[in-house]
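Please go through the structure below with the text beside it.

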Amino acid sequence: MFLSDISIKKPVFATMMIAALILFGLISRQRMGVDLYPDIDFPIVTVTARLEGASPEVIETEVTDPLEDAVSTVEGVRHITSHSSQGTSQVVTEFELETNIDVAAQDVRDKISRTRYMLPKEMDPPIVSKVDISARPIMWLGITGSMGKLELSMIADDIIKPMIETVPGVGNVFLPGLRKREVRIWLDARKMEAYHVTADDVKQALITKNVEIPAGMIENPVRELTVKTMGEFGSVGEFNNLIISFREGAPVRLSDVGFAEDGMEDKRSLARFQGEQAIGMGIVPRSGANNVAVANSVKKKIKKIIKLVPQVKIRSCFDSSTFIKQSISDVQFDLLYGAFLAALVVFLFLRTFKATLIIALAIPTSLIGSFWVMNILGFTINSMTMLALSLCVGLVVDDAIVVLENIFRHAEMGKSSIKASQEGTSEIAFAAIAATLTIVAVFVPVAFIKGMIGRFYFQFGISVAAAVLISLFIALTLTPMLCSRYLSMTRKHGKIYEMLENAFLSIERSYSKALSKICLRGFWYRFWFALVSTVLTFTVSALFFGMLKKELITSGDQSDFFIQFKTPVGSSLELTDRKMAQMEAVMRSFPEVSSVFAALGGFQRDESNRGMLFIQLVDPSKREMTQQEIMAAVRRKFAEIPGLLANVQDISIGGVHGERDSPLQFDIKGHNLMELYRVSEGVVKKIREIPGIVDVDTGMELTKPEVRIYIDRDRAGDLGVDVRTIASAVNTLIGGEDVGKYKEGGKSYDVRVRLVPDQREKPEDISRLLIKTSNGELIRLNNVVRIEEAVGPDVINRKDRMRSVTIYGNLEEKTLGEALKESKEVAHTIIPEGYTLTESGQAETMKEAIASLIFAFLLAIVITYMVLSSQFESFIHPLTIMLALPLSFIGALGFLLLTGNTLNVMSYIGMIMLMGIVTKNSILLVDYTNTLRLRGKPRDEAVLEAAPVRLRPILMTAVSTIAGVLPVALGFGAGGESRAPMAIATAGGMATSTLLTLFIVPVVYMLLDDIVQKFKKRG
């Protein structure tokens, strides 16, 4: 073997090659970022259009429909989702993952620009933007202080926010609970009537008499002078002296019909931390930023801010970097612990420190070298890459084990260290290369699975492939070089050594006898032995598969969770705040809760009936209840609060902008809005009766309270009043309108006109508003309008060009697979013909993931066969080797069932991983059998000699692999619950496959050889 020969002859050269690998690996490790998961770009483009005052129904037909028509013709569209609400249309286009987002966004802009003539002329131009779906806050801060709300808001907005925004990697900062400074012009309707003043008079006065317009320059031969018209008010008090109109020659000032106040904008959101009034601060990283580095930099900046404004407190409400760092740290511990166990196993088999050290060196060298490859490919230190290396701990020593064991065997024959190293490596090199390339052949398809799962596991698959290839390189260079220099044969051993050696020899003799009894029987005995064993294995595996529950991923204990809640549509901010205070009190009653951050309003469509709570728990070691148990208890407590609907979910599942993304999620589509509402309410009612499905709700609300103003057009025409005048008066006095700016201290603030609060509390207050006719007379609004209270849709949702309603639900002690099956069975009994039900969210992802993984599984089988056929130059031997694959499933599925785990993405990947690992044992058996036959030994004799000889390295690699993944399988540490199924499937499959392979593969080898020989004789 060229690599081993040159390494043995030039040990310094070999040492420097490995040293370079370690050096560049360590440098790469320091430069790699840290994150929880690989960075995945989802190509999503949104189109937002606004038509002031339009109802959801008008928005849907006049705006949303033409926009959907335009974007649906863009290539690569996967889903089109739209939301038509009061005055706003949002069309969200999700493209296939392979789509270039920049090209897609430009295509959407082009299509929208061509559709502009079909949209209402009075609407603003649509805004097209790319969406970073991962742009969610990685940190939430609670800003509190003893000062008033206005001063606290100004400190947060003018000092803290700009300083945080300068932190490298911070993309956006938003502040729920913030109330900005605003000049409020409060009008009194009674005084306005007395002075014959309308809202339009006040607006025009503020627009025309509070303005600063550049007046050019005065130029002469000596100098230039800039001319300014100082038309803006210098203080808030000056607004009161503004002349609005004249009555009988006397000026009517603002102070006559109202007053100006230096105040705050309308209270539409609020926040509390630990029950204290606060301003929340959500920190969103830039796309592709290192979340841990961003969080660390923000914490350093906060220390500087506190010194600058010591009168405020800035405390952490949620920090994802804490869990990320803990999770990565725990995976690294699993890696180190697994490496120690693997080395210990090797030592128990070899019972010599030198040999153990030679093999153990392959672990750090392979793993550190992998960082070099990962860094070149732009990977980060995340749970997937570290998990890949953790599971590789047992794999990277396999090649070194089989090489050293074979060298050791040749040395026992009396050969010199150098000759034993050369011949032993050369003899086993082909088997080692074949086994390693088989693993690579398995993981490369996994790395290139299409869809979200493929993107998610790309770094995992490549990291495994890189580690095992490097381990092969080390086994063929460093291992034989060290053996040639330092491996020496000792004829005299201690009692423990002899005791273990006798035990191994006894196992080999027993195995040889048992194998002889099976293999030396007739053809038909071997046939029925192989057939019955295989069928029985398949049958039990299928039984285990059917008994296992299915889900996307196992939830873990992160010591924090997220609560979204809502009160009935139309509830005031004050009413919702009282409900939120009750929720905070409930949370503080749990001793396991360390902090509570609550925010209300300012999310989604700025609804006053929706809010959220972030809950942080004490460390798991300091509480008796798990996170899931606490969440279940919280749900029961919240159910006792009337008029409240709460959604309690993991932060890893849900969004933190106010959107909901529960595990159970599916869409019902149809054309009739009222029928959709009726059907969805019926489905929700039935699903709520299913045990284990909680927090069931829909995304549809058709009962939003409305005040509808019907205009008597004939009467209005007779009086010379147009619709715009009526709408403008209502908008200004009831809703409030920004009519200018006030500048102070280098900043500008909105000037907002509105009626005083006690004159706009009831719908009938609208009818008493005053407007001017064409001849200048004042009339009340009730002369030309009719006012009615009604209900209407809050938002109209559509999915793939059809009206839709989304059903959401969380799970308690029930897997997603079970919940989805039971929910769909219930839904199909209610949904009428013409309406469809489709999975969405995690349910859709799980369906796609399983299909992708099955495809990867089948592709891996084909590629493995192709690789083995090429290496062995045979169509038959690969079939014998690959028989180990089905033999591993019974252990993988059985261990998952025994440990109470589920079939999820992690366990599927573990089973695919088995395909590369378990074939190693078969390769060792078949390769050495072929070697002995080439040396002239009869087939039966070759089989019965090769199997016992290869027994020890097979057991050593199997046990070391199981020991290496054992720490991950135990599931300790942050996020350990989600990682464990992969390791459990790997360990279980390795255990059963090794035991079954040792007997079934030799039998099938002889069986297939008999069949080939019979065909040759017939030919």
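Strands β23 and β24 (residues 747-755) pair in the antiparallel sense over 7 bridges. Two strands count as paired if DSSP finds at least two bridges between them. Helices (H or I, at least four residues) and strands (E, at least two) are DSSP runs, numbered from the N terminus. The model is a predicted one, in which local features need pLDDT of at least 70 and side-chain atom pairs count only at pLDDT 80 or more, while totals for chains, interfaces and linings use all residues. Residues are numbered from 1 along each chain as its sequence is written, and side-chain values use heavy atoms, with hydrogens and water left out.

Strands of a sheet pair through backbone hydrogen bonds, either parallel or antiparallel.

Contact means heavy atoms within 4.5 Å.

The whole chain gives the setting. The protein chain has 31 helices and 30 strands, and its C-alpha trace spans about 125 × 75 × 60 Å along its principal axes. Of its 1019 residues, 55% are buried; buried means under 20% relative accessible area, exposed over 50%, and partly exposed in between (1.4 Å probe, protein chains only). Among contacts in the protein chain with a separation of 6 or more, 79% are between residues 24 or more positions apart.

Which residues have the most contacts inside the largest nonpolar core? They are Y457, F460 and I668, in a core of 171 residues. Helix α31 (residues 976-1018) gives the most to this core, with 16 residues. A second, separate core has 38 residues, including F233, V739, Y742 and I766. A nonpolar core is a set of buried Ala, Val, Leu, Ile, Met, Phe, Trp, Tyr and Cys residues joined through side-chain atoms within 4.5 Å.

I668 leads on to helix α21. Leaving aside neighbours within four places in sequence, the residues in contact with I668 include L676, V679, S680 and V683, as well as R803, V805 and I807. Helix α21 (residues 673-687) has 15 residues and reaches 21 Å from its first C-alpha to its last, close to the 21 Å expected at 1.5 Å a residue. That expected span is 1.5 Å times one less than the number of residues. In α21 the buried residues are L673, L676, Y677, V679, S680, V683, V684 and I687. An α-helix has 3.6 residues a turn, so residues three or four places apart point the same way. The buried residues of α21 pack against β20 (664-670), β21 (693-698), β28 (795-799), β29 (802-811) and α25 (816-828).

D695 counts as buried because its relative accessibility is 14%. Q274, in the loop between β13 (270-273) and β14 (276-285), has a phi near 55°, again positive in a residue other than glycine. Q274 counts as partly exposed because its relative accessibility is 34%.

Two further strands remain. Strand β19 (residues 645-650) is largely enclosed by the rest of the structure, because 5 of its 6 residues are buried. Strand β16 (residues 560-566) is joined to β19 by 6 bridges, and the two run antiparallel; K566 stands opposite L645 in β19. In strand β3 (residues 88-95) lies T88, which counts as buried because its relative accessibility is 18%. The side chains of T88 and R50 are joined by a polar contact of 3.0 Å. A polar contact is a pair of N or O atoms within 3.5 Å; within protein, one must be able to donate a hydrogen and the other to accept it, and residues adjacent in sequence count only if both atoms are side-chain atoms.
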